[in-house]
Amino acid sequence: VLQDDAFDLRREALYALYNISQSKDAVKLLVHMGVIEGILDLMRIDDVDTIILSISFISNILELHPQGVQLVEEAGGIDALEHHQTHPNPDLWDRARVLVDKYWGEDDYDYGAEDNKEDDYPPWRLGAQQQGEQTFNFD
(Lines give C-alpha, C1' and ligand atoms only; values in the text may rest on other atoms or scores of the structure.)
Protein backbone atom coordinates (compact mmCIF):
# COMPACT_ATOMS: atom_id res chain seq x y z
CA VAL A 1 0.00 0.00 0.00
CA LEU A 2 2.86 2.42 0.77
CA GLN A 3 4.40 2.03 -2.67
CA ASP A 4 1.82 1.17 -5.31
CA ASP A 5 -1.49 2.90 -4.59
CA ALA A 6 -2.68 6.47 -5.09
CA PHE A 7 -1.05 9.17 -3.00
CA ASP A 8 -4.08 9.71 -0.73
CA LEU A 9 -4.25 5.99 0.13
CA ARG A 10 -0.49 5.84 0.70
CA ARG A 11 -0.59 8.86 3.01
CA GLU A 12 -3.49 7.41 5.03
CA ALA A 13 -1.66 4.07 5.28
CA LEU A 14 1.44 5.94 6.47
CA TYR A 15 -0.58 7.64 9.24
CA ALA A 16 -2.13 4.34 10.33
CA LEU A 17 1.16 2.44 10.33
CA TYR A 18 2.96 5.29 12.09
CA ASN A 19 0.36 5.18 14.87
CA ILE A 20 1.01 1.45 15.24
CA SER A 21 4.80 1.92 15.29
CA GLN A 22 5.08 3.05 18.89
CA SER A 23 6.48 -0.20 20.34
CA LYS A 24 9.48 -2.41 19.59
CA ASP A 25 7.34 -5.40 18.66
CA ALA A 26 5.20 -3.38 16.27
CA VAL A 27 8.26 -1.83 14.62
CA LYS A 28 9.88 -5.26 14.19
CA LEU A 29 6.72 -6.57 12.53
CA LEU A 30 6.35 -3.55 10.26
CA VAL A 31 10.00 -3.71 9.21
CA HIS A 32 9.61 -7.42 8.54
CA MET A 33 6.66 -6.55 6.30
CA GLY A 34 8.92 -4.24 4.27
CA VAL A 35 7.68 -0.76 5.15
CA ILE A 36 11.06 1.00 5.05
CA GLU A 37 11.20 1.30 1.26
CA GLY A 38 7.62 2.61 1.13
CA ILE A 39 8.34 5.20 3.80
CA LEU A 40 11.46 6.39 1.99
CA ASP A 41 9.46 6.53 -1.25
CA LEU A 42 6.90 8.80 0.42
CA MET A 43 9.74 11.08 1.55
CA ARG A 44 10.31 11.93 -2.13
CA ILE A 45 6.80 13.40 -2.52
CA ASP A 46 6.54 17.17 -2.30
CA ASP A 47 4.16 17.26 0.66
CA VAL A 48 5.68 18.65 3.85
CA ASP A 49 3.28 16.90 6.23
CA THR A 50 3.93 13.53 4.58
CA ILE A 51 7.69 14.06 4.65
CA ILE A 52 7.63 15.03 8.34
CA LEU A 53 5.54 11.99 9.19
CA SER A 54 7.90 9.79 7.15
CA ILE A 55 10.90 11.19 9.03
CA SER A 56 9.12 10.54 12.33
CA PHE A 57 8.39 6.97 11.24
CA ILE A 58 12.05 6.44 10.27
CA SER A 59 13.00 7.86 13.67
CA ASN A 60 10.84 5.20 15.37
CA ILE A 61 12.52 2.48 13.33
CA LEU A 62 15.98 3.78 14.16
CA GLU A 63 15.16 4.03 17.84
CA LEU A 64 13.12 0.86 18.36
CA HIS A 65 14.48 -1.75 15.93
CA PRO A 66 17.77 -3.47 16.89
CA GLN A 67 19.07 -3.33 13.30
CA GLY A 68 17.20 -0.16 12.38
CA VAL A 69 20.28 1.88 11.53
CA GLN A 70 21.65 -0.78 9.19
CA LEU A 71 18.29 -1.47 7.54
CA VAL A 72 17.49 2.19 6.94
CA GLU A 73 20.99 2.79 5.58
CA GLU A 74 20.77 -0.21 3.22
CA ALA A 75 17.43 1.05 1.90
CA GLY A 76 18.91 4.46 1.02
CA GLY A 77 17.64 6.28 4.10
CA ILE A 78 20.74 8.41 4.59
CA ASP A 79 20.41 9.89 1.10
CA ALA A 80 16.70 10.51 1.62
CA LEU A 81 17.31 12.27 4.93
CA GLU A 82 20.28 14.27 3.66
CA HIS A 83 18.20 15.42 0.69
CA HIS A 84 15.79 17.09 3.11
CA GLN A 85 18.53 18.86 5.06
CA THR A 86 18.37 21.60 2.41
CA HIS A 87 14.56 21.88 2.33
CA PRO A 88 13.20 25.44 2.76
CA ASN A 89 11.00 24.30 5.68
CA PRO A 90 13.22 24.64 8.79
CA ASP A 91 11.23 22.08 10.80
CA LEU A 92 11.69 19.49 8.09
CA TRP A 93 15.42 20.00 7.55
CA ASP A 94 16.06 20.16 11.27
CA ARG A 95 14.33 16.81 11.86
CA ALA A 96 16.34 15.23 9.04
CA ARG A 97 19.60 16.76 10.32
CA VAL A 98 19.02 15.51 13.86
CA LEU A 99 18.56 11.91 12.66
CA VAL A 100 21.57 11.98 10.36
CA ASP A 101 23.77 13.47 13.08
CA LYS A 102 22.50 11.13 15.77
CA TYR A 103 22.78 7.87 13.85
CA TRP A 104 25.41 8.55 11.18
CA GLY A 105 27.22 11.64 12.41
CA GLU A 106 30.70 11.93 13.82
CA ASP A 107 32.30 8.63 14.69
CA ASP A 108 32.60 8.59 18.47
CA TYR A 109 34.25 5.22 18.64
CA ASP A 110 33.88 3.50 22.00
CA TYR A 111 37.05 1.52 22.49
CA GLY A 112 35.55 -0.95 24.95
CA ALA A 113 37.14 -3.01 27.69
CA GLU A 114 39.00 -5.43 25.44
CA ASP A 115 41.43 -2.77 24.28
CA ASN A 116 44.75 -2.30 25.95
CA LYS A 117 45.67 0.79 27.91
CA GLU A 118 48.91 0.97 25.95
CA ASP A 119 46.84 1.57 22.81
CA ASP A 120 45.97 4.98 24.25
CA TYR A 121 49.67 5.87 24.26
CA PRO A 122 51.00 7.55 21.13
CA PRO A 123 53.23 5.15 19.17
CA TRP A 124 56.33 7.26 19.77
CA ARG A 125 55.76 6.94 23.56
CA LEU A 126 55.33 3.15 23.68
CA GLY A 127 59.04 2.56 24.24
CA ALA A 128 59.09 4.91 27.22
CA GLN A 129 56.01 3.26 28.69
CA GLN A 130 57.41 -0.24 28.31
CA GLN A 131 60.86 0.64 29.67
CA GLY A 132 59.60 2.91 32.38
CA GLU A 133 59.70 6.70 32.28
CA GLN A 134 63.26 8.03 32.43
CA THR A 135 64.17 11.54 33.32
CA PHE A 136 67.37 13.46 32.80
CA ASN A 137 69.66 13.84 35.76
CA PHE A 138 71.80 16.99 35.69
CA ASP A 139 74.13 16.03 38.57
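Predicted model: local features only at pLDDT ≥ 70, side-chain atom pairs only at ≥ 80, totals over all residues.
Analyst: Local features here need pLDDT of at least 70, side-chain atom pairs count only at pLDDT 80 or more, and totals for chains, interfaces and linings use all residues. Residues are numbered from 1 along each chain as its sequence is written, and side-chain values use heavy atoms, with hydrogens and water left out.

User: Why is the contact between R10 and D41 called a salt bridge?

Analyst: A salt bridge needs a side-chain nitrogen of Lys or Arg within 4 Å of a carboxyl oxygen of Asp or Glu. The N to O distance for R10 and D41 is 2.6 Å, so the pair meets the rule. The pair links distant parts of the chain, 31 residues apart, with R10 in helix α1 and D41 in helix α3 (residues 35–42). Helices are DSSP runs of H or I with at least four residues, numbered from the N terminus. R10 and D41 also belong to a salt-bridge network with R44.

User: What makes R10 buried or exposed?

Analyst: Buried means under 20% relative accessible area and exposed over 50%, with partly exposed in between (1.4 Å probe, protein chains only). R10 has 10%, so R10 is buried. D41 has 25% and therefore counts as partly exposed.

Note on methods
Helix = DSSP H or I, 4+ residues; strand = E, 2+ residues; numbered from the N terminus.
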